[in-house]
Amino acid sequence: MKPNWQGPVLTRRQQLAGIAGGLAMGALPRMAWAAEDGASLRDLAAAKGIVFGTAINAGRGSPINDPGYGAIVARECGVLVPENEMKVYVLGDDPARLNFGPADRIAGFARDNAMKLRGHTLLWNYGKYISPALADMVTKTGAEKWLRSYITAVTGHFGDRIYSWDVVNETIDPKTGQVRGTVFDQALGFDVFKIAYETAREHAPHAQRVYNDYMSWEVGNETHRAGVLRLLERFRKENVPVDALGIQSHLGNDGSHSGVQHAAWKRFLDDVTAMGYRLLITEFDINDREMPRDIAQRDAQVAAVAKSYLDMMLSYPQLDQLLCWGLWDKHSWLNGFAPRADGLPQRPLPYDEALRPKPMRAAIADALRAAPVRKGIA
Ligand code: G3I
C-alpha cells in the first residue's frame, strides 16, 4: 500500500498569513492570544502534575498552517499527538521505505513550541484499518517479521522524541469482548501483543507503553470494558510490558449521554489501577448529536458532561495526561463520522468555529483547578 498522504494544502491567504506570522519558523509567540481567565490549560495542568494537549494533523485544519489556531495550540498545549500521521496508512507498509514527512512536520512544530510528543499508533489491530494491501504484505513477509521490522523502524525514527506510545490500539471487539481476529492475531495469537510491546521496549526503552481503547462509561460498554479488563489481566499474567491504559474518551459516541454508569466505571478504573497501570485520557471530545440545536444550551450541556467526567477521572492520581482530539470544533472528526441529524456542525471541542473559547474550555480549566496534585509524567 502506498502512503496516501497528500501534504498540507494552504490557500493563498493562509500562505501569506503564515509567512506574515513567522510560521515558516514553526515557533509561535505564546503571547499572541489571551485566555479569558489568564491561565493556559497547559499551565493549569502542569501545576497539578498533569500534561495537557491535543491531537493535531499536518494538513487541512492544522495549527502548523493556520496562525490563529497555531497560537492557541502553542499556548494551551504541553503535548501533541498526530491524529493520523503515524498510522500505517500514512507511513506505508514497507518498513524500509516509510513516509515520515507529515509526522516529522508535527514533531518539528512540537519541538519548536517546546511541547512533548505522543505516538499513535504502532499496531491498530482492527481489520477495518488494515488494508488488503497491508494484509497481503504482512502475510507475505510473515506477521512476526513484519511487525518487528515495522515497529523497529518507526520507534527508531522518532527515538526519544516520543515519551509515550500507543503501542496497540483498539484490539478488543466491543460486541464480543474478544480480540478482534486480524491478520496479525490470527497468525500469532496472544504473542502478537508480546511481540509488539517487547519490540517497542527494545527500541524505545525510555517511552511509556500504552494500550489504547474506546471503552467508555455509558451503558452499552459493559462487554467492551470486561474484554479490556481481561486483556490487561493477561498482559500482567504473561509479563507483557504495558505501562498504562489509554482511555480515548470520545464521550457519547453512540449518540447518547444518558445512562452513564458511574459505579461500574469506577469499578473498572479501580480494577485497572489495582493492577498497577497508569491512566491517561488520549482522545477527549463530546459528541453532541442528541443535544439541542440552540448553541448556548448545547455548549452548556457539553461543558457539564466534560466537567463531570473530568472531575471523576482527575480524582485518580494515576492519571497524568489529558489530550483532546483536536481543540477546534471546525475540524473535528465527528463532523464527518457522526453528523447531526439537523445538519448543524458538531461542537465537541473547547474552541468554536471562530476560535473563541467555549464553556467546554472553562469546564476543563475548572476541572484542572479542582484536581489534586499528583506526581505525574509532566
Ligand atoms: O488522506 C486522505 C486525503 O488524501 C483525502 O483527500 C481525504 C478525503 O476524505 O481523506 C483523507 O484521509 C482521511 C483521514 O482521516 C485524514 O483526514 C481518511 O479518509 C479518514 O478515514 C481518516 O479518519 C481518521 C480516522 O481516525 C481513521 O484513521 C480521523 O481523521 C481520525 O480522527 C480518527 O481517529 C481515531 C483514532 O485514531 C483512534 N480512536 C478513534 C479516533 C476517531 O475515529
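**Exercise 1.** Which residues in α12 meet which residues in α14?

Solution. The model is predicted. Begin with the two elements: α12 covers residues 295-314 and α14 covers residues 359-370. On the α12 side, the residues in contact are D299, V302, A303, A306, K307, L310, D311 and L314. On the α14 side, they are P359, M360, A363, I364, D366, A367 and L368. Sorted by class, the contact has 11 nonpolar, no polar and four charged residues.

**Exercise 2.** Describe the geometry with which α12 and α14 cross.

Solution. Two packed helices are described by the angle between their axes and the distance between the axes. Take the distance: the axes of α12 and α14 come within 8 Å. Take the angle: the axes cross at roughly 20°. Angles under 35 degrees count as roughly parallel, so α12 is roughly parallel to α14. The handedness of this crossing is right-handed.

**Exercise 3.** Locate the largest nonpolar core and state which element gives the largest share of it.

Solution. The largest nonpolar core has 102 residues. Those with the most contacts inside it are W165, Y211, F235, L245, F284, Y309 and I364. The largest share, nine residues, comes from α12. Another core, of 10 residues, lies apart from the largest one and includes A55, V79, V81 and Y163.

How values were computed:
Residues are numbered from 1 along each chain as its sequence is written. This is a predicted model: local features need pLDDT of at least 70, side-chain atom pairs count only at pLDDT 80 or more; totals for chains, interfaces and linings use all residues. Side-chain values use heavy atoms; hydrogens and water are left out. Axes are lines fitted to C-alpha atoms, for helices over the stretch in contact, and angles run from 0 to 180 degrees between N-to-C directions. Helices (H or I, at least four residues) and strands (E, at least two) are DSSP runs, numbered from the N terminus. Angles under 35 degrees count as roughly parallel, over 145 as roughly antiparallel, 65 to 115 as roughly perpendicular and the rest as oblique. A crossing is left-handed if the near helix is turned anticlockwise from the far one by less than a right angle, and right-handed if clockwise. Contact means heavy atoms within 4.5 Å. Ala, Val, Leu, Ile, Met, Phe, Trp, Tyr, Cys and Pro count as nonpolar, Asp, Glu, Lys and Arg as charged, and the others, Gly among them, as polar. A nonpolar core is a set of buried Ala, Val, Leu, Ile, Met, Phe, Trp, Tyr and Cys residues joined through side-chain atoms within 4.5 Å. Buried means under 20% relative accessible area, exposed over 50%, partly exposed in between (1.4 Å probe, protein chains only).
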